[in-house]
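Hello,

Here is the structure I promised to pass on.

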Amino acid sequence: MPKLKNVLLILSDQQRLDTVGAYGLNDICKTPNIDRLAEEGMKFTNAYTSSAICAPSRASVMTGLYAHKHGVIDNFTDIKEGTPLLGQCMHDAGYFCGYAGKWHVSPSMTPEECGFDDGKPFMGYAFPGSGVFPHLIFNQPPDNTPNYYEEYLRENGFENIDVSNGFLGDNPNLQIQEMFCKHEGPIESTIEYFVAHETNRIIDEAKNQDKPFFIWANFWGPHSPSIVPEPYYSMYDPAGIPEHPSYCDDMSDKPYGYQLSEKMWGLGNYGWKGFQEIAARYYGHCTMIDDMVGMIVQKLKDEGLYDDTIIIYSADHGDCLGAHRLIEKGAFTFDEIYHIPMVVKGAGTKDNDSFVYLQEMMPTILDVAGVKPPKPVDGDSILPLMNGEKESNGRTEIYGEYHNHFYVARQRMVRDHDYQLTFNESERGELYDLKKDPYQLHNVCYDPEYADIKKAYMDKMSGYMKATNDPAGTWFHRIKDFY
């Protein structure tokens, strides 16, 4: 019987597809270590998250399900009882399971309760620098005690590390979260280094086990606040970052909530120059994470485990980062937040352009272990696509959903390579002709010339709602002829 492969899943938080150099979409931000994984392995060019909010997306990785089925519809609700979990399934399959970094899968269940044998997670919303950096305004510390990152700093002589140059929006009602700060300490004192250090510690522990391993490593960044030290803080010149093609959007044909989201962050008065400042540190954060990936890869090589390990690098969702004048993610279905990187080393060597979901990590990783999910999931193993056994999974579109982040606004999206339809249940709909309008600037949902296309995509959406027992379907089917 062939030896089972180890699996290392590395997930960044809120990282845009175009910040990974291997995709050739951005000649500024550098990610040589991830690019090398893509060169030795492969990448998916049409990978999507089905919910561009942290906890719903991560819970989908853990369960293989859409958010409305696993129950985590925002950053605070929990996985439905009795739902099979990736960690527990891998543990039951004989794998040593480890976890490092940001958790944000469940507000109540710990990694240990989900089948992981080892790890020092950040529980809750979980920014481990809150309450640690004296001049940081952002105050969302981990729920768990102790704060493992704070312990690491103390144990390694990094007390009194601080931040400076905090950048906030000018909304007087939202002076609670910096977009970025400068980390006033060495790289070894950063949150991302701690995550890589923890991952490598777990690799050591895994090597001592007479069994294959599954390790899930989760970086905090480049999610705001991007807290980065030199040389990353000054690595990219803000003035050299070109204006995003959709920054010109006045959002007059978009749902009103989009305009409120833009106003809430208070970045409008800074103009594009403000987003250049943010993007420069965001890019620096991406490059720092890339260096941490290199540190983990080197550890696998040093321990003789690299060739026996499938490494998957992806993100829970992206970031608007100035697209449509917006920042972060929320009740909008733009490609900048749903289209994600997915690089795989150790399976095959041919890139794949099939539509795939991040939640398909669950059946895929179980497939590596030679087992199937105990209950049906929303998707299939994409291991045959990774290793080149199949060229296509035959999927023709992606279905996405949003429930709650800042405000409740049940939203559904169906998109393929030609069009995208977004259903905003108490707001105007959206339809984009992606070939003519790839940056989703012109909403043609109520243009008579697109009436037949709109009807076709409403029918597609109806099919997904019925197939997945989506609770949004009740209202949708009652008003679809008038929408």
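Strand β7 covers residues 213-222, and ten of its ten residues are buried, so the rest of the structure largely encloses it. Please keep in mind that this is a predicted model.

Two parallel partners turned up for β7. Strand β1, residues 6-13, runs parallel to β7 and is joined to it by six bridges. In that pairing, D13 sits opposite P222 of β7. Strand β3, residues 96-102, also pairs with β7 in the parallel sense, over six bridges. Here C97 stands opposite F214 in β7.

**The three-stranded sheet**

β5, β6 and β8 form an open sheet of three strands, in the order β5-β6-β8 and with mixed pairing. Its edge strands are β5 (162-167) and β8 (226-228), and each pairs on one side only. Neighbouring strands are turned by 25° against each other on average, direction ignored. Strand β6 (residues 180-184) pairs with β8 in the parallel sense, with three bridges between them. K182 has V228 in β8 as its bridge partner.

Helix α8 lies across β5, β6 and β8. The helix runs at about 60° to β8.

**Helices α1 and α8**

α8 spans residues 271-302, and α1 spans residues 32-40. How do the axes of α1 and α8 cross? They come within 7 Å of each other, at a crossing angle of roughly 55°. That angle makes α1 oblique to α8.

The contact involves P32, N33, I34 and L37 on the α1 side. On the α8 side are D290, D291, V293, G294 and V297. By class, the contact has five nonpolar residues, two polar and two charged.

**The four-stranded sheet**

A separate entry in my notes is an open sheet of four strands with antiparallel pairing, ordered β13-β14-β15-β16. β13 (398-405) and β16 (430-433) stand at the edges. Each has a single partner strand, so one side of each has no neighbour in the sheet. Neighbouring strands here are turned by 15° against each other on average, direction ignored.

Within this sheet, strand β14 (residues 407-415) and strand β15 (residues 419-424) run antiparallel, joined by five bridges. V414 is placed opposite L421 in β15. Helix α7, residues 256-265, packs on the sheet and touches β14, β15 and β16. Its direction makes about 115° with that of β14.

**Cysteines**

How many disulfides does the structure hold? The count is zero. C54 is in no disulfide, and the nearest cysteine sulfur, that of C320, is 13 Å away. C54 is also buried, because its relative accessible area is 0%, and the cut-off for buried is under 20%.

C89 is likewise in no disulfide. For C89, the nearest cysteine sulfur belongs to C97, 9.7 Å away. C89 has 13% relative accessibility, so it counts as buried. C97 is also the residue that stands opposite F214 in β7.

Best wishes

Key:
Residues are numbered from 1 along each chain as its sequence is written. This is a predicted model: local features need pLDDT of at least 70, side-chain atom pairs count only at pLDDT 80 or more; totals for chains, interfaces and linings use all residues. Side-chain values use heavy atoms; hydrogens and water are left out. Axes are lines fitted to C-alpha atoms, for helices over the stretch in contact, and angles run from 0 to 180 degrees between N-to-C directions. Angles under 35 degrees count as roughly parallel, over 145 as roughly antiparallel, 65 to 115 as roughly perpendicular and the rest as oblique. Contact means heavy atoms within 4.5 Å. Ala, Val, Leu, Ile, Met, Phe, Trp, Tyr, Cys and Pro count as nonpolar, Asp, Glu, Lys and Arg as charged, and the others, Gly among them, as polar. Buried means under 20% relative accessible area, exposed over 50%, partly exposed in between (1.4 Å probe, protein chains only). Two strands pair if DSSP finds at least two bridges between them. A disulfide is a pair of cysteine sulfur atoms within 2.5 Å.
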